[in-house]
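Please consult the sequence and structure shown below while reading.

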Amino acid sequence: MTTTATPRKTPVKAAVASFMGSAVEYYDFFLFGSAAALIFPVIFFPSGDDAALVMSFATFGFAYIARPFGAVILGHFGDRIGRQKVLMFTLLMMGISTFIIGCLPTFEQIGWFAPGLLVLCRLMQGLSAAGEQAGASSLTLEHAPDDRRSFFTSWTLTGTQGGQILAALVFIPVVALPDDIKFTWGWRVPFWLSAVVVLVAFFIRRSLNETPEFEAAKASGDIARMPLIPLLRDHWRDVIRVICCAFIAAVSTVFGNLALAYGVEVGLAQSLTLWLVVVANIVALGTQPLFGRLADKIGRKPVFIYGALSSAVFMPFYMLSMSGDSTILTFALAILTFSGGYAAANAVWPSFYGEMFSTRVRFSGMAIGTQLGFLMAGFAPSIVAALGGVAEGGWVVISIFTAVISLIAAVSALTARETKSVPTAELGLRAERVHADA
């Protein structure tokens, strides 16, 4: 096979496609999270049940149960047949399941079958999301030049912020509706709109070529028949490391979902809590690429560790401000916590995790490691809510939880190898050479 048959690197196009795909996927994903905090406890569970919020947050977490299984399946095919084909599949699955949620009957209409169907759709969302970030990050990393991998891959996660912004902006007018509209058909409209944004992303992503790294591996016969085997044989330490580092994603669900319920409990308007999420994510659209560029200069580890530790330090101040008198202070602390703290780890992890693995197992390694770690993120709202995190004074529980998961992520990152100066073709090969020499 000649070199002319290998696709050229197109980092900008790959970054745009990853941004748009992630924005669509996580519009759907975060839309569910907002509804789980503000709508689903009323319409999908027994009226007046004090446990409705905890059960609603649990449906949010069910997607994270499906994600490890999806990671194994989609990771296998992503490393076997290519990143681009799998990413097209995940996009369509997320769009279909989200549209169906908008059509579901309520608890009043069919009883406990309603939350059952909701969980089924949520599981489909989880299967889809399992392959999205790992696949998009692998694709962008392998298209990027060696000295700018962190910057370009940061756009994958910046896309998730775009999705969260869009979900919140669409949901703000919904929560402002009268209850007789909001809890009947009003809440359904944002879920139906997902069909439109999926079509836009589908046509953008369809035109993107497979990565040169994957095509080169395919041409040389270096595609693993069962990627899980070399992954667990040669990279099991890296998988465990990614799992623990991925606990940091719980900061996002605490900030974007749990804090909504806590803010309402201490007296903030529902629309104001959503605006906190919107503003912080808008600022993160600018800070995350900057953190990506910084990681290309000084390394992935220091930027990631800063993001983890600063999340733990800033979170209690943000939560306390919600019960204070200054809305401006609350917005400032929301931006500091999310855009100036957590965003550093969020921007860097696509390159940090992806560079631990070789091309033949990168999709599987990132997908399985992150999705097992993201279980913590998925169930963080229900765990902390059950411990009293949404009651008055619950800021203490939320802050302690954030500190623990952030510390675990930071310590795990310390054990990793710094890879900013390793050529893309050499990434992850050291672990495989150790096995070959043994």
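The lining of the second largest cavity draws at least two residues from each of α1, α7, α14 and α15 (270–298). The model is a predicted one: local features need pLDDT of at least 70 and side-chain atom pairs count only at pLDDT 80 or more, while totals for chains, interfaces and linings use all residues. Residues are numbered from 1 along each chain as its sequence is written, and side-chain values use heavy atoms, with hydrogens and water left out. Helices are DSSP runs (H or I, at least four residues), numbered from the N terminus.

**Second largest cavity**
- A cavity is a set of points, on a 1 Å grid over the protein atoms alone, where a 1.4 Å probe fits but cannot get out; lining residues have an atom within 4 Å of a point.
- The volume of the second largest cavity is about 50 Å³, a volume being the space filled by probe spheres set on the points, which are joined across faces, edges and corners.
- Its lining includes Phe 30, Ser 34, Gln 164, Asn 257 and Val 277.

**Largest cavity**
- Of the 18 residues lining the largest cavity, Tyr 26, Phe 30, Gln 133, Ala 249 and Ser 252 lie nearest its centre.
- Helix α7 gives the largest share of this lining, four residues.
- By class, the lining of the largest cavity has ten nonpolar, seven polar and one charged residue.

**Helices α4 and α10**
- The axes (lines fitted to C-alpha atoms over the stretch in contact, with angles from 0 to 180 degrees between N-to-C directions) of α4 and α10 (residues 194–206) come within 9 Å and cross at roughly 175 degrees.
- The two helices are therefore roughly antiparallel, a term for angles over 145 degrees.
- Nine nonpolar, five polar and two charged residues form the contact of α4 with α10.
- Among the residues that meet are Leu 87, Thr 90 and Phe 99 in α4, and Val 198, Phe 202 and Arg 205 in α10.

**Thr 90**
- Thr 90 belongs to helix α4 (residues 83–101).
- Thr 90 is buried, at a relative accessible area of 0% (buried means under 20%, with a 1.4 Å probe and protein chains only).
- Beyond its neighbours within four places in sequence, Thr 90 is in contact (heavy atoms within 4.5 Å) with Glu 25, Leu 74, Ser 128, Gly 131, Glu 132 and Arg 205.

Note on methods:
Buried < 20%, exposed > 50% of the residue type's maximum accessible area, 1.4 Å probe, protein only. 1 Å grid on protein atoms, 1.4 Å probe; cavity = no way out; pocket = protein on both sides within 12 Å on 5 of 7 lines; lining within 4 Å. Nonpolar A, V, L, I, M, F, W, Y, C, P; charged D, E, K, R; others polar. Parallel < 35°, antiparallel > 145°, perpendicular 65-115°, else oblique.
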